[in-house]
Amino acid sequence: MRKLLLIITIATMAVVANAQNKITAAKTAPEMVYYYTDFSIVRMEDSAKKKDVYVPYIGNDTDGEMTPFKDENGNIVYFDIPVWGFNYITGLGWELYWHDDNHNAIQNWIIKKKVTKQQFDKLTKDKIGTSNSLKRIPSAVEELQRMVK
């Protein structure tokens, strides 16, 4: 009887300890959100090797322009075929989200990456503007409808 009671006690303690660990882990996990930016693969010429290469470009956080990926020595990263650029970007934790199909499939992508709320706030804190004097610009469809009337 004592052995059975001991086994039940040990099993109960293991279940309770495991449940407490899961609750503690859930409370300490940071809130994650998606951060979006522009991405494209640009065909360029490597004049030293006399061949065409594909360079991944990503939107930068300062002026809205896109900059090429660079390695730790400041050299531009390139690939022989475009899909290797996509593998590179997804290997860095980015997810392909949407692309502008008015161009070919290797241009004008929007990519996203999960970051903590604190990282997101740091990346976007200077990007928000406020105003009381904004005027709505009609869309191209609205302009066309106005012209047809």
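## Burial and overall make-up

Of the 149 residues in the protein, 20% are buried, where buried means under 20% relative accessible area with a 1.4 Å probe, protein chains only. This is a predicted model, in which local features need pLDDT of at least 70, side-chain atom pairs count only at pLDDT 80 or more, and totals for chains, interfaces and linings use all residues. Residues are numbered from 1 along each chain as its sequence is written, and side-chain values use heavy atoms, with hydrogens and water left out.

The protein has four helices and five strands, taken as DSSP runs (helices H or I, at least four residues; strands E, at least two) and numbered from the N terminus. From the N terminus on, the order is α-β-β-β-α-β-β-α-α.

## Asp-46

Asp-46 belongs to strand 1 (residues 32-46).

A polar atom of the Asp-46 side chain lies 3.2 Å from the backbone nitrogen of Ala-48. Leaving aside residues up to four places away in sequence, Asp-46 touches Lys-51, Val-53 and Tyr-78, with contact meaning heavy atoms within 4.5 Å.

## Helix 2

Helix 2 covers residues 82-91, and Pro-82, Gly-85, Phe-86 and Ile-89 in this helix are buried. Seen down the helix axis, these buried residues fall within an arc of 100 degrees, so they line one face of helix 2; the arc is that of the directions from the axis to the C-beta atoms.

Just after helix 2, Gly-93 has a positive phi of about 100 degrees.

How values were computed. A polar contact is a pair of N or O atoms within 3.5 Å; within protein, one must be able to donate a hydrogen and the other to accept it, and residues adjacent in sequence count only if both atoms are side-chain atoms. Buried means under 20% relative accessible area, exposed over 50%, partly exposed in between (1.4 Å probe, protein chains only).
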